[in-house]
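Please open the model in a viewer and keep the selection tool at hand.

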Amino acid sequence: MSGEILFRILFLVLFVPGIGVRGYYTVKVRATRKRRSWKERLKDTVQTEGKTGAILLIGQGIYLIVAVPIYLLFSTSLPWLDLPIVDWQRWIGVALGVLSLPFLAWVHYTLDKHWDVSLSLRKDHALVTSGPYRRIRHPMYTVHIIYFFAWILVTANLLLLINYFLTILLITLRIPKEEKMLLGRFGEEYHAYMKRTGRLLPRFHEKKKRE
C-alpha cells in the first residue's frame, strides 16, 4: 500500500465519524422541531446569519461535498493541489483528528436539542453551561478549528486548506452574532457567563470588577 493511499484511508477514518456525529444530531434535532420547507429554513438562516454568513454556511457545505470526492478520487492526478507537508507532520494530523473526535461528540451530546446547523433559539431554549461549556463559550468552534486543521495535515491538499479558511471566516463572522443573540435572550445570565468563560479557550479566573 502506497503512503498516499494510506493517508486517504486515514482521512476517511477521521472524516466519516465526524460527519456521522453531525448527521445524527441534525436528524435528532429536526425530529423535535416543527417541519419547515427549505424556503422557510433559508429565510431563517439569512435572518440570523446575515446574507454573507448564510452564503458562507451553505457554500462551505456544498464545497465539502465537491472537494472531498475530488481529493479521494483524483488527488494523485492533480499534483498542483499538493501542499509541502511531510509524513511526520501528517501523522501529527492523524493524532489531532483522533483526539478531536471524542471532543466533537461530547460538545454535541452536551448541547443535544439546543444545537442546530444555523443560529437559532428554541422557545424552550436553555443556556448550556455544563461539560465543555463550563469554561469555553464556543467549544464547537474550537473543536472544528482543530478538526479541520487535522484534515489539512493528513491530506496535505490545497482543497482542505481552502475549507479551513472558509471555516475560520465563518466562525469569525458568526461568534459576535451568536453572542448578541444569546445576550438578547438571556441578558444578565449570559453576561455573567461571558465574564467567567473564554470564547474559544478556557478562562480559569473571572475578570475582576473594576473598583
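A salt bridge is counted here where a side-chain nitrogen of Lys or Arg lies within 4 Å of a carboxyl oxygen of Asp or Glu. Side chains of opposite charge can pair when their charged atoms come close. The model is a predicted one, and the structure holds six salt bridges.

**First stop: Arg199 and Glu179**

Select Arg199 together with Glu179. The two form a salt bridge, with 3.0 Å between the closest N and O atoms. Arg199 belongs to the segment after helix H6 (188-196) and Glu179 to helix H5, so this pair ties together parts that are 20 residues apart in sequence. Arg199 has a relative accessible area of 39% and is therefore partly exposed. Glu179, by contrast, has a relative accessible area of 3%, so Glu179 is buried.

Because Glu179 lies in helix H5 and Arg137 in the loop between H3 and H4, the pair ties together parts that are 42 residues apart in sequence. Is Arg137 buried or exposed? With a relative accessibility of 8%, Arg137 counts as buried.

Display Arg199 again beside this pair. Through salt bridges that share partners, Arg137, Glu179 and Arg199 are joined into one network.

**Second stop: the loop between H3 and H4**

Select Lys113 and Asp124, whose side chains meet in a salt bridge of 3.3 Å, N to O. Both Lys113 and Asp124 are in the loop between H3 and H4, 11 residues apart. Lys113 is partly exposed, with a relative accessible area of 31%, and Asp124 likewise counts as partly exposed, at 42% relative accessibility.

Next, select Ser118, which is found in the loop between helix H3 (87-111) and helix H4 (139-155). Its relative accessible area is 16%, and since buried means under 20%, Ser118 is buried. Which residues does Ser118 touch, not counting residues up to four places away in sequence? They are Thr45, Glu49, Leu57 and Arg174.

Move to Tyr164, in helix H5 (residues 158-186). Tyr164 counts as buried, at 14% relative accessibility. Leaving aside residues up to four places away in sequence, Tyr164 touches Ile145, Phe148, Phe149 and Ile152. Of these contacts, select Phe148 and read the C-alpha to C-alpha distance: Tyr164 and Phe148 are 6.1 Å apart in space and 16 residues apart in sequence.

Now turn to the rings. A search of the whole structure finds 12 aromatic pairs. One of them is formed by Phe149 and Tyr164, whose ring centres are 5.9 Å apart and whose planes stand at 50 degrees, so the pair is tilted. Phe149 lies in helix H4 and Tyr164 in helix H5, so the pair ties together parts that are 15 residues apart in sequence. Phe149 counts as partly exposed, at 35% relative accessibility, whereas Tyr164 is buried.

Select Phe11, Phe15, Tyr71, Tyr147, Phe148 and Trp151, which form one aromatic cluster.

Finally, select Phe7 and Arg90. Arg90 lies over the face of Phe7, and the distance to the ring centre is 4.2 Å.

Terms used:
Residues are numbered from 1 along each chain as its sequence is written. This is a predicted model: local features need pLDDT of at least 70, side-chain atom pairs count only at pLDDT 80 or more; totals for chains, interfaces and linings use all residues. Side-chain values use heavy atoms; hydrogens and water are left out. Helices (H or I, at least four residues) and strands (E, at least two) are DSSP runs, numbered from the N terminus. Buried means under 20% relative accessible area, exposed over 50%, partly exposed in between (1.4 Å probe, protein chains only). Contact means heavy atoms within 4.5 Å. Rings of Phe, Tyr and Trp (its six-membered ring) pair if their centres lie within 6.5 Å; planes under 30 degrees apart count as stacked, over 60 as edge-to-face and the rest as tilted. A charge sits over a ring if NZ of Lys or CZ of Arg is within 6 Å of the ring centre and within 35 degrees of the ring normal.
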